[in-house]
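Please look at the sequence and the structure first.

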Amino acid sequence: MSGARHAVGRRPVIAAVVGAGVIATYLVLAAVSGHLSPLARRPALDGLGPLTPYRWVAPPPEVQDNRPPTPGTFVVPVRGGRTDPDLKMTEDVQVSLLLDRGVVTTDDPRVRFDVTPLDPTTLGPLPGELATFGNAIRIDATEEPSGRSPAAFEDLVAILVYPETVSLHSAEHEILYSPNGQRWRALDTRDTLATSQVQAEMPGPGYLVVGGVPRVIIPVTPRPPGAGDGNTGTLATALLVVSIASLVVGIAFLLRARRAPADPGRG
């Protein structure tokens, strides 16, 4: 009986030790998978990527199964010589326009806003070390039926979604504006990394791009001649899955240790 009692008493300790060991395995595997691939560095419950893939006009080679972005045409009524407040967004929700009352002042009864995604390589380069994240966006406004184009906007906030890939990643993003698509200036931008969105007040019709300084995540080292390419992404994902499974098992062992009955030989 004494041996049986000691075995029962050791069970919580064994479960606790095993649980701690399995969780330690999770931490090691998670660290290794994060070193192999930046896409595996997100917390386990955050998912491995955006809910909706970005739609490119001219996708980079690493993007597969791209769908073209959707343009948008929006008509805003004019009351008392000023456009009504409204919120407009393209069908793919990559561009939204938040219009306060009086974005355009006109005698016409309505104003049409046209949103057109473009390949940014067809426009002027960004200043300094900035790279373009995603498409360029042209936003035009036409007073109807006169056909005039307003020279400026008042309180029009543009909200743009930007992509993030292994080779296109930055900790900070900003919206740049150009009236002709050649010379750019940065706007006062609010960057929301959690949703990959930026927003800024647009001064008038013209072009918008999201700019950022790309940050190198994985240093590229040359492979020796004859070395295989391997599949780093697949290995990182496999290690991440195993590490998550280890975490679950470890937590189960720790909970079992807490719930195990006390040694009946004590007391």
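Arg 112 forms a salt bridge with Asp 114, the closest N and O atoms lying 2.9 Å apart, where a salt bridge is a side-chain nitrogen of Lys or Arg within 4 Å of a carboxyl oxygen of Asp or Glu. The model is predicted, so that local features need pLDDT of at least 70 and side-chain atom pairs count only at pLDDT 80 or more, while totals for chains, interfaces and linings use all residues. Residues are numbered from 1 along each chain as its sequence is written, and side-chain values use heavy atoms, with hydrogens and water left out.

Arg 112 also forms a salt bridge with Glu 144, with 2.5 Å between the closest N and O atoms. Because Arg 112 lies in strand β5 (residues 110-118) and Glu 144 in strand β7 (residues 136-144), this pair ties together parts that are 32 residues apart in sequence; strands are DSSP runs of E with at least two residues, helices are runs of H or I with at least four, and both are numbered from the N terminus. Arg 110, Arg 112, Asp 114 and Glu 144 are linked in a network of salt bridges. A search of the whole structure finds 9 salt bridges, one of which joins the side chains of Lys 88 and Asp 86 at 3.1 Å, N to O.

The table gives the relative accessibility of residues in these pairs, with buried meaning under 20% relative accessible area, exposed over 50% and partly exposed in between (1.4 Å probe, protein chains only).

| Residue | Relative accessibility | Class |
|---|---|---|
| Asp 86 | 26% | partly exposed |
| Arg 112 | 25% | partly exposed |
| Asp 114 | 15% | buried |
| Glu 144 | 18% | buried |

An open sheet of 5 strands has the order β3-β4-β8-β12-β11 with antiparallel pairing, two strands being paired if DSSP finds at least two bridges between them. Its edge strands, β3 (86-89) and β11 (190-192), each pair on one side only. Within this sheet, strand β4 (residues 95-99) and strand β8 (residues 156-161) run antiparallel and are joined by 5 bridges, and Ser 96 stands opposite Ile 159 in β8.

Taken as a whole, the protein contains 2 helices and 13 strands, and buried residues make up 37% of its 267 residues. Among contacts (heavy atoms within 4.5 Å) with a separation of 6 or more, 68% are accounted for by residues 24 or more positions apart.
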